[in-house]
Amino acid sequence: MSDPLPADLAEPLVASSRRRRGFGDPTIYFAETGSTNDVAARLAEQGAAEGTIVLASAQTAGRGRMGRVWHSPADAGLYVSAICRSARAAPYLTLAGGVATAEAVSAATGLPVEIKWPNDVVVISGVPRRRRKLAGVLAEGVSTTDGLQHVILGIGINIRPAAYPPEFADRATSIETELGRAVDRGALLVEVLVVLGELLRDLSSGQSANLLARWRALAPSAQGAPLECDSPAGLLTGTAAGIAEDGALLVRVGDRIERVVSGEIRWK
Ligand code: BTN
């Protein structure tokens with residue numbers, strides 16, 4: 001059973017109904033749940049439409065990429081999962097989640113952010129300047145012999161410092177840590193939904209150029225930064241050389257270009 005939507009989320013959702021063009025309707029809210037991605041996947045299996053979202057104030061089993069835990073204490077972050085059904089959009093959803101999150105954070109709070117491939121949203125701040133993670137995106141798809149059934153796009157944004165354990169402070173941050181003031185999670189949610197809905201409409205009609213241009217503008221480190229990453233062929237050490245049209249990271253290693261489609265990169 002879901003819970004009634006708190007007023008600080010319900011009011012901005014109602015007020016933004018036209019801007020969202022239905023993306024985020026219905027919103028299924030839980031004060032606490034295991035993982036919003038799991039709840040959204042169950043709803044998708046039962047036939048819930050694209051644009052349905054599941055939102056929680058706390059998750060007891062929040063998960064991140066590569067099997068990691070996503071810390072999700074009560075009222076410390078935005079934890080939201082959206083049901084996507086377009087097979088045409090599916091290959092780009094990871095990038096779309098990163099762009100929607102990054103643009104939403106900047107629009108709702110004014111905080112400048114960047115994307116670290118594929119979709120970590122980071123802030124570069126402090127002395128010495130460091131890259132700290134503010135938000136992450138987890139895309140989980142289900143296909144059958146009939147083709148793609150759904151992709152659940154889960155987004156976690158650290159709003160308050162309580163969102164992550166204090167020992168992660170050298171590599172994680174929150175919007176309030178960076179800005180030194182409280183932020184409105186309802187306004188942040190609305191911006192995520194407006195941008196994500198717009199990107200998905202484009203992608204579903206076969207247009208990916210706009211998304212790729214926006215992703216590239218948000219990810220200057222994807223062009224020329226020294227990095228290393230694990231690949232099926234072993235450790236790759238090189239420099240980022242942009243992203244391919246399908247979203248793969250291109251890495252220059254000596255005189256050849258390698259494609260990286262999954263995994264994690266480490267900046268050197
Ligand atoms: C990452 O590792 O960077 C991805 C983190 C994704 C976290 C979000 S929070 C909402 C949704 N529910 C989950 O269990 N995970 C995603």
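**The domain contact and the salt bridges**

Modeller: In this predicted model, five residue pairs are found in polar contact across the interface of domain 1 and domain 2, with both residues of each pair at pLDDT 80 or more. On the side of domain 1 that touches domain 2, the elements giving two or more residues are β4 (114–116) and α7 (209–218). Helix α7 supplies the largest share of that side, three residues. By residue class, the side of domain 1 that touches domain 2 has eight nonpolar residues, five charged ones and no polar ones.

The domain assignment places domain 1 at 7–218 and domain 2 at 221–267. The contact draws 13 residues from domain 1 and 16 residues from domain 2. Between the C-alpha centres of domain 1 and domain 2 the distance is 24 Å. About 1,300 Å² is buried between domain 1 and domain 2, and carbon and sulfur atoms give 53% of that area.

One salt bridge is found across the interface of domain 1 and domain 2. A salt bridge also joins the side chains of R216 and E245, at 3.4 Å from N to O.

The structure as a whole holds 16 salt bridges. One of them pairs D120 with K133, with the closest N and O atoms 3.0 Å apart. D120 belongs to strand β5 (residues 120–125) and K133 to strand β6 (residues 130–144), so this pair ties together parts that are 13 residues apart in sequence. D120 is buried, at a relative accessible area of 6%, whereas K133 is partly exposed, at 25%.

Another salt bridge is formed by E176 and R160, whose closest N and O atoms are 3.5 Å apart. E176 sits in helix α5 (residues 175–179) and R160 in the loop between β7 (147–158) and α5; the pair links distant parts of the chain, 16 residues apart. E176 counts as buried, with 15% relative accessibility, and R160 counts as partly exposed, with 36%.

The side chains of D246 and R259 also meet in a salt bridge, at 2.7 Å from N to O. D246 lies in the loop between β9 (234–243) and β10 (249–253), while R259 lies in strand β11 (residues 256–260), so the pair ties together parts that are 13 residues apart in sequence. D246 is partly exposed at 37% relative accessibility, and R259 is partly exposed with a relative accessible area of 45%.

Methods:
Residues numbered from 1 in each chain as written. Predicted model: local features only at pLDDT ≥ 70, side-chain atom pairs only at ≥ 80, totals over all residues. Heavy atoms only, no water. Domains from an automatic or database assignment. Contact = heavy atoms within 4.5 Å. Buried area = accessible area lost by both parts, 1.4 Å probe. Salt bridge = Lys/Arg side-chain N within 4 Å of Asp/Glu carboxyl O. Polar contact = N/O pair within 3.5 Å; in protein donor to acceptor, adjacent residues only side chain to side chain. Helix = DSSP H or I, 4+ residues; strand = E, 2+ residues; numbered from the N terminus. Nonpolar A, V, L, I, M, F, W, Y, C, P; charged D, E, K, R; others polar. Buried < 20%, exposed > 50% of the residue type's maximum accessible area, 1.4 Å probe, protein only.
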